[in-house]
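Thanks for coming, everyone. Let me put the structure up and walk you through it.

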Amino acid sequence: MKFRRWVRFAGATSAAAALPLVAIDRLHLRKPVITAEPERGTSFWMATIPTPPRFPHLDEDIEVDVAVVGGGFTGMATAYYLKTGDPSLRVVLLEAQRLGSGSSSRNSGGVSPRFRGHDPDDRSRHAYDLLKRFGETEEIDFGLQENVPALYLHHRMPRANAPKITGEQLAREIGSRYYVGADATSTNSLHPGKLVAGLIQANARVGVDLYEYSPVVEIERGRTITLITPQGRVRARDVVLATNAYSPQLGIVPEIVLTIHHRVLVTRPLTPTEWEMSGLERWPLRFESGGYSTHTVRSTADRRFFFRHVLGHRAFEAPDWEIDSRARKAGQRELLRRYPWLEDVPIEFEWHGITGRTRDWWPVSGQLDEHLYLAVGFNGSGVMPTHFFGYLLANRILGNELPEHALLRPPEMHRRIPGKLSRHLVFQGWINFRKLRDG
Ligand SMILES: Cc1cc2nc3c(=O)[nH]c(=O)nc-3n(C[C@H](O)[C@H](O)[C@H](O)COP(=O)(O)OP(=O)(O)OC[C@H]3O[C@@H](n4cnc5c(N)ncnc54)[C@H](O)[C@@H]3O)c2cc1C
């Protein structure tokens, strides 16, 4: 088993108290550093629902059965299924910032009933049904819309089959002359903020101990595992790492997961004329063909134009990205090249988010050793799979073996992404090339 070892950073604890993320990774051959991510700005999704309740930070030493690190979709699903599976367990969830403040509240809310890069099958349908059943059982409405018409847009003519919808049609139907064609499909969508809020509510209801602003800065492994946070320790029999794209920064599988940075822009509600022009009534979800620098468009319930674009990759998988005027202009340019009529429509919300990419589009999932579990690297399409992989890990810890456990792929089953700085030069170079070529 190969696992990046966490090393003690003498004296870090007091400094760390003010910092959300602290990570040291000896195998990176970097000097011990403290990486502080600034307080995350909120997304449209969280800004437009009632603010979820706040939870305390850990300020004492505790002993629990299972500790989950990371309070996004994955961590909250894991904790929920652990506690509902065995209410006698003491389950604690430690989140570095606010619960759900990572990718889980910053995404586009597309819910594919398949695992990314893989055809739908019985297992992915089971996974999708589990998410739906969670909403029904907990009576949580997370705005799930099924069979939403979607476009798969091409800005270069595909080699295989000519797209069914022509560029001329698109100009009329979605107000964009940028694309040479598109194929119609359908998928599902939800309101990510409502799913975050629902998971928080469900975890609180079933009795998971929730802690916010409690970053795990060190893991001591022994007969029990000790998680060290700036103001308290957790001793646990089992630990689940659910830190997704933040994992490499923490020294967890950095050789497998690549961090890709995104930015989302959301306009004010469109006027009736703009709404007509946008074609969002007929085509409320849009994806672009292509690899790393693609875009997503969707509508919101109050008729805004939602646009996601890729910022790029940062050296050593850093989790933050300063949105300066250059980054802002570049994003604006990408939006207006596609939808020039949006020029005078003000942007009311914008935020940054990261996704964790693996070579086979599959999450790094399973066990690092007998008592240390993980599910990270959901490849920009985790809304449905995160919930399922949380369920799988919870059941494994509970001793309930399921046929779907065959889906877990621990680090040794993943291909490495070579390089450290060279990796950045290659990926950022590729993204820049694509942006230059495609706009
Ligand atoms: C812009 C954008 C658009 C996307 N669009 C889609 C989409 O349309 N459809 C789709 O299916 N998926 C989409 N995704 C991906 C999806 O959002 C993610 O796969 C999913 O949210 C991952 O959930 P998670 O719980 O694994 O990770 P996260 O939500 O990132 O949760 C990880 C948590 O771990 C915490 N953490 C990190 N380090 C520590 C530590 N040391 N101690 C304690 N806590 C820690 C972080 O603060 C974070 O809250 C998108 C992502 C982005 C960024």
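First, the ground rules. This is a predicted model, so to speak of local features we need pLDDT of at least 70, side-chain atom pairs count only at pLDDT 80 or more, and totals for chains, interfaces and linings use all residues. Residues are numbered from 1 along each chain as its sequence is written.

Okay, domains. The assignment, automatic or from a database, gives domain 1 (12-106 + 193-246 + 366-423) and domain 2 (138-188 + 258-358). Their C-alpha centres sit 29 Å apart. The contact (C-beta atoms, placed from the backbone, within 7 Å) takes 27 residues from domain 1 and 22 residues from domain 2.

Now the inside. A nonpolar core here is a set of buried Ala, Val, Leu, Ile, Met, Phe, Trp, Tyr and Cys residues joined through C-beta atoms within 7 Å, with buried meaning 20 or more other C-beta atoms within 10 Å of a residue's own, again placed from the backbone. The largest one has 74 residues, and Leu94 is among those with the most contacts inside it. Helix H9 (residues 383-398) gives the most, nine residues; helices are DSSP runs of H or I, at least four residues, numbered from the N terminus.

Key: Buried ≥ 20, exposed ≤ 12 C-beta atoms within 10 Å, placed from the backbone. Helix = DSSP H or I, 4+ residues; strand = E, 2+ residues; numbered from the N terminus. Contact = placed C-beta atoms within 7 Å.
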